[in-house]
Each structure stands twice: as C-alpha cells, then as structure tokens.
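Here are my notes on the model you sent. Please read them with the structure open.

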Amino acid sequence: MGIFGKKNKQEVINIKPITEDIIEDKIDILESKESKSEIAEEYTKNLNQMKDDALKIFSTIQSRNEKVTNEYYICRILSRVGLKDLDFNLQLLALDKNINRLKKECFDINRRVNRHEENEEIETLFKQVNELWAFQKGLQEQLKEINNSSYGYLKISTVSVCLNKTNEELEHLHNCITEELKPFKSFNEAAEYIYYNSGDFIDKLVKQLVDYIKLSNNSEYINLYTIRYFLPSDIVVTMEIKEWIDFYNRLKFVNRQIGSYNALKLKNYKNMFDIFEAKYAILMMKSETKNSRKY
C-alpha cells in the first residue's frame with residue numbers, strides 16, 4: 001500500500017449556517033460602536049462649550065466684583081454711623097465673611113481657568129462658577145439691603161467722602177479712619193477731639209498746598225489759590241461744621257487742578273490730605289448721629 005497503505009482520519013469542521021439572527025447581532029455591535037463614538041464626540045463638544053460658558057460667566061463675575069467691593073467699602077466706612085438694630089453687627093460680620101469667601105473663590109477659579117483641565121475638573125469648574133454667580137448675586141442683595149436701611153438718610157456732605165473713589169482709595173480711606181480712631185476710647189471722643197484740636201493741622205495742610213502750588217509757575221493758580229482762598233484767617237482755632245464742608249470742597253476742587261510739579265512734595269501733601277479726609281469723615285459721621293449736639 002506504500003505510503004497510502006493507511007487511511008488518515010479526516011478532521012471535520014462544522015460551519016454554522018449564516019442565519020438572520022447572526023446578521024442582526026453583527027448590526028447591533030456595529031451600531032453600538034458607532035453610538036459610543038458619537039456620544040464621546042458630543043461629550044467632548046459639550047465639555048468645550050461648558051468651559052467656554054464657565055469662562056464667560058466668570059468674566060462677568062469679575063466685572064461685577066468691582067461694584068460689589070466698592071459698595072462693601074462704603075458700607076464699612078459708614079458703618080460707624082448707620083441706623084443700628086440688634087442684628088446690625090451680625091450683618092456686618094456675615095458681610096465680612098461673605099466678601100472674604102468671594103475673594104477666595106475668585107482667586108481659586110482664576111488660578112484654574114488658564115490651565116488644562118481634565119473632563120471631571122471642567123464639570124466641577126462649571127458647577128463652581130455657577131454657584132459663585134448665585135452667591136455673588138445674593139451678596140449684592142445683602143449689600144443693597146444694608147445700605148438702603150442703614151445709610152439712606154445720610155447727607156451728601158457725609159456720603160461725598162466715598163463718592164468717585166476706586167476700591168483701592170476706599171480701602172485706604174477706611175484704613176486712615178481706623179488709624180485716626182485708634183488713640184480714642186470711643187467714636188464720639190475722637191470726633192470731639194478732632195473738632196476742637198485740628199486748627200494747627202489745617203494751617204499746616206493749607207501752607208503745604210500753597211507752597212506746592214507756587215512750584216507750578218502758573219501765575220493764575222499762584223494768585224488765586226492763596227491761604228485766603230481756603231481759610232478766613234491765617235490762623236485757625238476751630239471751624240463750624242459748614243466751614244469744614246466748604247473747606248473740604250475747596251481742597252478737592254484744587255486737587256483736581258494741580259499737576260505733578262514735584263513728586264516728593266506732592267506725596268507729602270497728599271499724605272496730609274488723606275489724614276484730613278479721615279478727620280473730616282469722622283466729623284461728618286458724628287454730625288449725622290441722632291441727638292448729636294452741635295459743636
């Protein structure tokens with residue numbers, strides 16, 4: 001039989017017939033893969049849109065922060081003279097806490113927005129920005145309520161110390177007022193001392209301003225803005241409240257006219273003016289208090 005003498009066993013391969021069920025299973029698998037791809041693509045698109053929306057909302061929050069911070073410092077400056085009920089101090093403490101939270105969250109978000117975020121981080125960022133938007137809106141309402149209920153009655157001569165100031169200038173004024181009050185046991189004691197003991201300071205302030213104006217070589221300014229323009233006499237002992245108001249308005253007007261003729265002397269004058277403005281603010285707030293006696 002030679003090599004063909006023994007028959008080898010043949011291996012039988014069973015081939016399943018292609019039925020309709022198998023075809024449907026294949027179609028389901030293909031459709032499933034295509035759907036996942038589309039979902040992933042849509043998810044990525046939504047995340048990109050989510051991040052863009054978060055950045056736009058955060059930009060609006062930052063813009064509104066200027067006004068919120070401005071109103072906060074005005075509220076803080078005038079808090080010493082507000083119509084105070086039992087909850088007033090608690091409201092101010094809550095306000096301080098909320099402002100600090102707003103600053104902290106803005107700092108945190110600002111640190112994150114320019115870096116690459118993972119998908120989950122983008123979702124968290126979007127949620128955080130939206131929550132901050134709502135929180136800031138609530139804070140604005142809180143400020144509005146306090147300002148309207150506590151300071152709505154104040155005269156323009158008092159409020160004017162806060163008008164047309166940047167947030168940095170308001171913060172500086174608040175700090176100057178705090179420094180002025182430090183040596184005294186009470187707000188009333190400070191106001192009374194300022195009223196009766198500011199003559200020498202006012203004389204020096206005016207002399208420094210007049211000397212500074214002479215550096216301008218502007219004959220019109222030099223002839224107009226003399227000591228007599230600011231004060232009724234060369235030496236001031238005390239001034240009536242209406243004289244304080246008139247003097248303050250004249251200083252502010254001249255401040256807007258003068259330029260930078262000598263940086264050091266201008267800085268020295270401005271430092272003195274800042275101290276005077278704090279004294280003026282304290283005196284005006286004292287004059288607003290109920291049953292306050294006229295000096």
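**Notes on the predicted model**

1. The structure holds zero disulfides, a disulfide being a pair of cysteine sulfur atoms within 2.5 Å. Cys 75 is buried, at a relative accessible area of 0%. Cys 162 is buried too, at 2% relative accessibility. Buried means under 20% relative accessible area, exposed means over 50%, and partly exposed lies in between (1.4 Å probe, protein chains only).

2. Basis. This is a predicted model, in which local features need pLDDT of at least 70 and side-chain atom pairs count only at pLDDT 80 or more, while totals for chains, interfaces and linings use all residues. Residues are numbered from 1 along each chain as its sequence is written, and side-chain values use heavy atoms, leaving out hydrogens and water.

3. Core. The largest nonpolar core has 76 residues. Such a core is a set of buried Ala, Val, Leu, Ile, Met, Phe, Trp, Tyr and Cys residues joined through side-chain atoms within 4.5 Å. Helix α11 (residues 263–288) gives the most to this core, with twelve residues. Helices are DSSP runs (H or I, at least four residues), numbered from the N terminus. Among the residues with the most contacts inside the core are Ile 177, Trp 244 and Leu 251.

4. Leu 251. What does Leu 251 touch, leaving out residues up to four places away in sequence? The list is Leu 205, Leu 209, Phe 230, Tyr 269, Phe 273 and Phe 276. Contact here means heavy atoms within 4.5 Å.

5. Aromatic pairs. The count comes to 15 aromatic pairs. Rings of Phe, Tyr and Trp (its six-membered ring) pair if their centres lie within 6.5 Å; planes under 30 degrees apart are stacked, over 60 edge-to-face, and the rest tilted. Tyr 229 and Phe 230 are edge-to-face, 5.0 Å centre to centre with 85° between the planes. Tyr 269 and Phe 273 have ring centres 6.4 Å apart and planes at 40°, so this pair is tilted. Both Tyr 269 and Phe 273 are buried. They lie in helix α11, four residues apart, about one turn of the helix.

6. Ring cluster. Ring pairs link Trp 244, Phe 247, Tyr 248, Tyr 269, Phe 273, Phe 276 and Tyr 280 into a cluster.

7. Ser 160. This residue sits in the loop between α4 (156–159) and α5 (167–181). Ser 160 is buried, at 10% relative accessibility. Ser 160 touches Tyr 248, Lys 252 and Tyr 280, not counting residues up to four places away in sequence.

Technical notes: Helix = DSSP H or I, 4+ residues; strand = E, 2+ residues; numbered from the N terminus.
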